[in-house]
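Reader: Could you walk me through a protein chain, starting with the overall picture and then going into single residues?

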Amino acid sequence: MSLGGHLTWAEIDIGALRHNYWLIKNKASGAGIMAVVKADAYGHGMVEASKTFIEEGVSYLAVAFVKEGIELREAEIKTPTLVFARPTRDFIGTQIQNSLDVTIADPEDVELVAGAAKRLSIPARVHLNVDTGMSRLGVEYGDVVAVAQNINSKEDLVFAGIYSHLATSDEFDPSHSKIQIQKYKDVIEQIRNEGISPGLCHLANSGGLLNLPDSIFNMVRIGIALYGHNPNPLRQKEDDLLQVMTLKSTVSQIRTVTEGTAVSYGRTWIAGEQTKLATIPIGYADGIDRSLPGKLEVLINGKRFNVVGRVTMDMMMADIGNSDVKVGDEVVVYGTQGTESISISEVAQKFNSISYEITCSVSKRVPRVYVNS
């Protein structure tokens, strides 16, 4: 397949997205689903993924930044959407005007948001972010009640929800997560004791949903699992999630090299015998980690072949031995071909990474092709 002259593309399986959504829905024990579509839906295409989730009945979306939320609105997606980043003076007006829910992560955020909402005469829906042990973003545990009271006192603010983020929900040791869950329960109880309704309570992320049922409240906030991955690659086989992305390319040239021939920049790989090499038009500008040779394999005609030599910006080479691979044959970098598969979680384990990084790294210049297999 050639898309704009590029012989590389990412197939996004809408059917797998739907499967994962319903698997998560069934595990959520009646809680609402907030689908996290930040970072272009973890590389899968934010608009298309959002539309799929909405068709299946998702009640909320979440993005990292106001810019991403505006992209959804420009695509005529009106589903309630939470922005995770702290509000800023430059963009809070735009955020409110586009009906994007606001994160309150610091006591001083309340006045900023309330002032903007008052000037615009548009009530702002806010979610109080509580730091229960991630130490990244959020109101400190001891300040939560006072901040909640301040939010509740503002006529121009709607207390829409309260959330926190689990730091270790993907790990085998649940001890720190249990501490966070208890702190979260405590702050909700304290807020309710002040006569304040906390609205949507969302703590469970993908790891929480899959591993920590006590982290499920009236909403779950799910990212990577929707796209077919356990957040811990070592736990991938514990669930029935389906990988949504298949990264494909095409053999563009085949050459025979003799023993002693060096391949690619730096001459880091030298043929130990006469062999054939397939040049594949995909490289680090497309999202292939330059450090992967020696670890990375590809599928051609349903068989695994090693990538050799350094990955270049636009191309990489595979040692195909004496196989009958031809120019134009399809190459699968991540995904299934015939009866053989190279999963994203497998690749993540090979170079000590996570599935999130693999899918997010597939660059914008790689066309996304939506299928329903």
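Author: What follows is a conversation about this chain, from its overall make-up to some of its residues.

Author: Please keep in mind that this is a predicted model, in which local features need pLDDT of at least 70 and side-chain atom pairs count only at pLDDT 80 or more, while totals for chains, interfaces and linings use all residues. Residues are numbered from 1 along each chain as its sequence is written, and side-chain values use heavy atoms, with hydrogens and water left out.

Reader: Okay, how many helices and strands does the chain have?

Author: The chain has 11 helices and 21 strands, where helices (H or I, at least four residues) and strands (E, at least two) are DSSP runs numbered from the N terminus. Along the principal axes, the C-alpha atoms fill a box of roughly 80 × 40 × 40 Å.

Reader: And what share of the residues is buried?

Author: Of the 373 residues in the chain, 53% are buried, a word that stands for under 20% relative accessible area, with exposed meaning over 50% and partly exposed lying in between (1.4 Å probe, protein chains only). If you take contacts, meaning heavy atoms within 4.5 Å, between residues at least 6 apart in sequence, 66% of them join residues at least 24 apart.

Reader: Can we look at one helix? What does helix 6 pack against?

Author: Helix 6 covers residues 109–120, and its 12 residues reach 17 Å from the first C-alpha to the last, close to the 16 Å expected at 1.5 Å a residue; that expected span is 1.5 Å times one less than the number of residues. Its buried residues are Asp-109, Val-110, Leu-112, Val-113, Ala-114, Ala-116 and Ala-117. The buried residues of helix 6 pack against helix 5 (92–97), strand 5 (100–104), strand 6 (124–131), helix 7 (144–153) and strand 8 (157–163).

Reader: Is Glu-76 buried or exposed, and what about Asp-40?

Author: Glu-76 is exposed, with a relative accessible area of 68%, whereas Asp-40 is buried at 19%.

Reader: Switching topic, how many salt bridges are there in the whole structure?

Author: A search of the whole structure finds 17 salt bridges, each being a side-chain nitrogen of Lys or Arg within 4 Å of a carboxyl oxygen of Asp or Glu. One of them pairs Glu-11 with Lys-248, with the closest N and O atoms 3.2 Å apart. Glu-11 lies in strand 1 (residues 9–13) and Lys-248 in strand 11 (residues 245–250), so this pair ties together parts that are 237 residues apart in sequence. Both Glu-11 and Lys-248 are buried.

Reader: Which residue does Arg-304 pair with?

Author: Arg-304 forms a salt bridge with Glu-346, and the closest N and O atoms are 2.9 Å apart. This pair links distant parts of the chain, since Arg-304 is in strand 17 (residues 303–308) and Glu-346 in helix 10 (residues 344–350), 42 residues apart. Arg-304 is partly exposed, with a relative accessible area of 28%.

Reader: What other partner does Glu-346 have?

Author: Glu-346 also forms a salt bridge with Lys-350, where the closest N and O atoms are 3.5 Å apart. Both residues lie in helix 10, four residues apart, which is about one turn of the helix. Salt bridges that share partners join Glu-297, Arg-304, Glu-340, Glu-346 and Lys-350 into one network.

Reader: One last thing, which residues does Ser-363 touch?

Author: Not counting residues up to four places away in sequence, Ser-363 touches Ala-285, Asp-286, Gly-287 and Arg-368. Ser-363 lies in the loop between helix 11 (355–361) and strand 21 (368–371) and counts as buried at 17% relative accessibility.
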